[in-house]
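This note is meant for a colleague who is opening the structure for the first time. Please keep the sequence and the coordinates at hand while reading the points below.

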Amino acid sequence: MDLKLDQVSHHYGATNVLDDISLTVKKDEIVCLIGPSGCGKSTLLRFIGGLERPSSGQILQIGEPPAASLNPLTYIFQDFALLPWRTVEGNVSLALEDHKLPKAEQRAIVEDVLRRTNLSDFAKALPRQLSGGMKQRVAIARALSVRPAVMLMDEPLSALDSQTRELLMDDLVDLWTRESFTAVYVTHNLAEAVRLGHRIVVLSRRPGRIREIVEIDMPLAERKDRVHELEVKQHHLWDLMREEARAADRELADV
Amino acid sequence: MDLKLDQVSHHYGATNVLDDISLTVKKDEIVCLIGPSGCGKSTLLRFIGGLERPSSGQILQIGEPPAASLNPLTYIFQDFALLPWRTVEGNVSLALEDHKLPKAEQRAIVEDVLRRTNLSDFAKALPRQLSGGMKQRVAIARALSVRPAVMLMDEPLSALDSQTRELLMDDLVDLWTRESFTAVYVTHNLAEAVRLGHRIVVLSRRPGRIREIVEIDMPLAERKDRVHELEVKQHHLWDLMREEARAADRELADV
Amino acid sequence: ADKVTLGALRFTSHAASFVAYERGYFKEQGLDVEFKFFQAAQPMAVAIASGDVDFGVTAITGGLIGLADKGVVKVIGGALHEEKGIDGQIIIVSNKAYDEGVTDPSKLKGRTFGITQSGSSFHYMAAKIADAEGFTLQDMKVKPMQKVGAVIGALKSGQIDAWSIQPHIAKALIAAGAVKKIGMVADFIPDYQVTTVFTSTKIATENRDLVKRFLAAYSKGAADFNAALVDKTQGADGEKAMAELIHKYVYADQPFEKASKSIINGAMRLNPDARLDLTSVKDQLAWFKAENLAPESITLDKLVDPSFVETY
Amino acid sequence: MSETTMTNADIREAEQNAAPIARPVPFRGGGFVYKPVRIAGPLVFIVLIAIWEFGSDTGWISPLVLPAPSEAWTAFMNLVHSGLLWKHLGASLQRLVIGWTAGTALGIVAGLAIGLFSVARSGLQPLVSALFPVPKIALLPLFIIWFGIDEGSKVATILFGTFFPTVISTYSGVDNVDRTLIRMGQSFGLSWTSIVRKIVIPGAMPAILSGFRISISIAIVLLVAAEMIGAEYGVGAYILMAGSLMATDQLIAGVAILSVLGLIIAWLIGLAEKYFLRWRT
Amino acid sequence: MSETTMTNADIREAEQNAAPIARPVPFRGGGFVYKPVRIAGPLVFIVLIAIWEFGSDTGWISPLVLPAPSEAWTAFMNLVHSGLLWKHLGASLQRLVIGWTAGTALGIVAGLAIGLFSVARSGLQPLVSALFPVPKIALLPLFIIWFGIDEGSKVATILFGTFFPTVISTYSGVDNVDRTLIRMGQSFGLSWTSIVRKIVIPGAMPAILSGFRISISIAIVLLVAAEMIGAEYGVGAYILMAGSLMATDQLIAGVAILSVLGLIIAWLIGLAEKYFLRWRT
Ligand SMILES: Nc1ncnc2c1ncn2[C@@H]1O[C@H](COP(=O)(O)OP(=O)(O)OP(=O)(O)O)[C@@H](O)[C@H]1O
Ligand SMILES: Nc1ncnc2c1ncn2[C@@H]1O[C@H](COP(=O)(O)OP(=O)(O)OP(=O)(O)O)[C@@H](O)[C@H]1O
Ligand SMILES: [Mg+2]
Ligand SMILES: [Mg+2]
């Protein structure tokens, strides 16, 4: 299943947030969205997942999602969005409970995704006992449990300290290498973008427009050891964005 | 003025947090402290600033602070610590109000530091109107206003998005290049450490011990364009820390 | 002149005070009297104890006895007294209860009886009625309603069944068709010393002269009242003048035509010379003690200072 | 019909062969968003009052059970025309203002003491917890003896009633002041008084102001209780008199006055919050 | 003395020449930390009661103003021995339990409706705001007409008193449920009822439980008011009777019973919070 964004524009009240975004996300491809603060990245991601509707334009699913997919468009949030009153297990099974699966199958799925994310030992732990990195792993396990066709990730690593971020980036690359998935990955972090993105979409300041789409064809698994080569791309991205980032930074909220 | 940490150890109740830390911070040198989560970096910084006292060992000031220094040991906090009910100006002058300075001098200092941090236009803004990067600049301005002998920075950039972080790192390097200052800089981010640190102190997991001290003698101003060369150091640091970071990540808070 | 604060209810039974004030008898005794009005008897006793009021006229209540036991108030004379041949307090029932067959006090068993507060004179009357009819207070549920007005409201709306109250109120209610009369209190408690005059122990012991002057003026007011409305020796003019005087204080919000009827009909004998029926007081005190509505330690001496007036 | 279905199926098949189907992503973000239904609020009031009036007029609601709103309005207008409204309101407001001001002032002082000093906290907090749940109505007889039957006991009732919640909201406000702000103050070598004045008190302000909302509603409730003690004037006294005379029209009018008073004061506190806490997001 | 000083100065000078002075960094982190002074709490109680008892015994506090604590204790023991304590407590607890349970149950339902449905919010919220500040004591006469003079009006008073604060705490709880959690639920395609049951209600739980603390203290206050009218048994009735008999020892005993009752219930709610909110940090 591919996704196609067709001339998406949006305004909240009088503020234009997104302007004429057209983009296709291909199967098994990770598309990174980068852009200065407030340019509408999260808003765009909400449109893609069907949580909000754009003022004009539309988001199309092209082709059917795989039959096994319980929730074709699945999010991973910056702040993990775990229910604090449920255990790790309970948080994962939350996503399955509304689908009429036999209890045993449900249990099997939970066990499988916890194993894949190295969380089996933590099945009974409550979120408050976990470090940030572990919490995000639980969120990833939950997302995997519904066999998504496309993962929608909104700065999934930016609430983590940089060492944990490094560890989780490795995990994500591993996951993708073992079984490739489609993803739209929003981030501020250019290093992340060049490590994980097959294509990197650079948005302008608000109202967000597409400024450039950078392709990186180095296989994900190799990137870690070829950072030098990526450095050039990252530099290019930073040159594209520096002025806008500075302007966004100096913007005064007129509340 | 130098600082000397002399066999500092500490425990909170039954948990040993720091074990036998000895270290000297020389004038005009930026010492970075890195280590896995919970190893006691922030605690150590609180001891250095005299906000808490270690269970054993002591922190010594060697030599007198410059006569002009109003507050020799001055913090910059991760979450900015601005008073939300005061304007930018008011937040900066807070640090001066308890020193018996003539009103005019006080005003002059505030104007000067705001100018140095490019904040003059924002003097009347309230913190809620500012982006994270601007807030941290206000905190830096406030710190500069008391002419510190040593700046104590606890992950000053980790609450910011990575583009803003990049911008502020440049600002800090500029500040140091124009007028060098002494600093103890706590961070998780190895890229920050190699960009800003003259010496990088690597702590082990809790109880924090000094594992290694890495010296980098490339001038700060040149580092931005010689990232490749720093890459080696950064890799070395990450090799030192990866296992410990992973272990710290998988630790279960037994609350 | 000595400044004196006098506590009162807007009842005809307090007429002696109003008369003494209006006709200048207090002034004659060198007393500069100021009235303070209350909604119920209990708070007046408390006000005497707290020094807000110097003299009061009201029924013997648990609160008064409680304060007397603490040595702060003293009964110094009698005021309102039940007397055979003069319409006294009336036992009334709600229309609803009357329709259900409660037509005389013997039928009150199992019914509810309104009182203002536990230990009020209504409580005592209820017990005496029950006693005389051969059942106990437990057989008749007493309902504390806190205020006279609340009892009236509950009676009108049929929330409670019965009550006993001074004639000026009872007769007005009966006349309005709101309630029915089923008996007279005097038939159950003959020679009932309904209300008394009291003051603080401090005044009674340290300022005996003031008490005497007060009682003298008060008695003169009571004599005028008895003459005009109870014994009716002053003729129609006297009656009307007295009613007009009282109307200033009682039923002031009603037209005089209506109010004067209630006032005249509701007149009960005030003790001449503030004489005090100690027999009745003793009986009341015994009942309060028996019902645990008064402390064990209270004695007649603590409650009454009989040295100011004639007692019997 | 069956033909059309056929055709549609044909088209779909054709599409599937030519290119995969393109469908908009399903929308699932509905609900859980508050969309104001502006007319609903006034409508509910109008409908309720209309039904009530209608019920009373037709005798379906007996006047004993509930007077018609129009009767309550008449009772209110009587109050206005007789000039008694201002007498009652004036008396009540005076008690409210004095009692509430004194109660909150003392409460803030005690709350700051508990929040700032370990000894005060250890010593006074249990006392406050023990005395807070004591119903002030129960203490009325004692208040009369302690403070006299006039304004004293009425003001004291309101004072005691507002004191305890203010203490509690103040010290929880102090407890919730961001510790890093205090640490920041210390790190700049601010004096203890500077930290208290410039950091702790402004930081506790939101909690103190929201405590005002609670204490004022308690004060209004206690106003009625306090005016049970022989008050001649006062909205509470008016209500109590109406209640004991079963004058339900006056009762409703009085209750409505208190309700409006409560709303006005809450609105004033809202304004104060807007002003004093304009630094909040 | 002066010799020592000289020597010290000498040493300092020597040091300064040889190496710069080394001094520990100044400590400035004092204060603003709560160090429990364990004995202070009990001590304050003991000292207060001792002074009170002593004052009463020496006649310095007149029995009219305040009975000795020992007398209040005797009154309490009388209550225990006569078996009346259980009758009073039983009657009061029954009213509290029925009134509070019904009031909170209805309040939670209404609060959820306001929190979840825009129409309910627009329509009912203004009504709740208008009725909340109405003192329930003022409505007692109406309650008596509506619900009878027996248990009905007493339970209704408590019910109405607890209903409104519960509504408010419930819907503010719903409002404060983390929106990203709800969005998460929607993104996984959970049904509306699942989101309400598994996300909204547990998320509003902390606010609802802390609303219980408020509603229970209101319920205790209203218990006294409710038992003013035609109650034979009940702690409130006992206190009112004591008040009207000026039996201050019994009054204090009764007030102490209510205070302890309030503390016990607050403690029970604390336990419930510990249990239901054990997922909180
Ligand atoms: N529900 C909303 N109502 C009104 N304005 C909104 C809403 N959500 C977002 N906005 C505004 O739309 C703009 C884009 O917001 P969005 O969160 O999509 O930006 P972003 O690119 O994700 O920013 P960031 O990098 O800070 O996460 C911002 O100016 C924001 O204030
Ligand atoms: N006041 C305190 N009382 C008890 N334990 C504390 C206290 N402050 C910190 N700790 C514990 O001491 C340890 C070290 O804490 P500290 O904040 O210094 O770590 P850190 O290295 O700064 O961690 P991070 O990288 O997460 O900021 C942690 O285990 C923490 O839980
Ligand atoms: Mg975003
Ligand atoms: Mg830290």
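Which residues lie nearest the centre of the second largest cavity? Point 2 gives the reply.

1. This is a predicted model, in which local features need pLDDT of at least 70, side-chain atom pairs count only at pLDDT 80 or more, and totals for chains, interfaces and linings use all residues. Residues are numbered from 1 along each chain as its sequence is written, chains are lettered from A and ligands numbered from 1 in the order in which they are written, and side-chain values use heavy atoms, with hydrogens and water left out.

2. C:L9, C:F11, C:A41, C:S121 and C:F122 lie nearest the centre of the second largest cavity, which 22 residues line. A cavity is a set of points, on a 1 Å grid over the protein atoms alone, where a 1.4 Å probe fits but cannot get out; lining residues have an atom within 4 Å of a point. The lining comprises ten nonpolar, twelve polar and no charged residues.

3. The largest cavity has 39 lining residues, and those nearest its centre are C:Q117, C:Q146, C:K147, D:M228 and E:M228. Its lining holds 29 nonpolar residues, nine polar and one charged. In these classes, Ala, Val, Leu, Ile, Met, Phe, Trp, Tyr, Cys and Pro count as nonpolar, Asp, Glu, Lys and Arg as charged, and the others, Gly among them, as polar.

4. At ligand 1, an oxygen atom lies 2.6 Å from a side-chain N or O atom of A:S42. A backbone N or O atom of A:G40 is 3.0 Å from an oxygen atom of ligand 1.

Methods. Polar contact = N/O pair within 3.5 Å; in protein donor to acceptor, adjacent residues only side chain to side chain. 1 Å grid on protein atoms, 1.4 Å probe; cavity = no way out; pocket = protein on both sides within 12 Å on 5 of 7 lines; lining within 4 Å.
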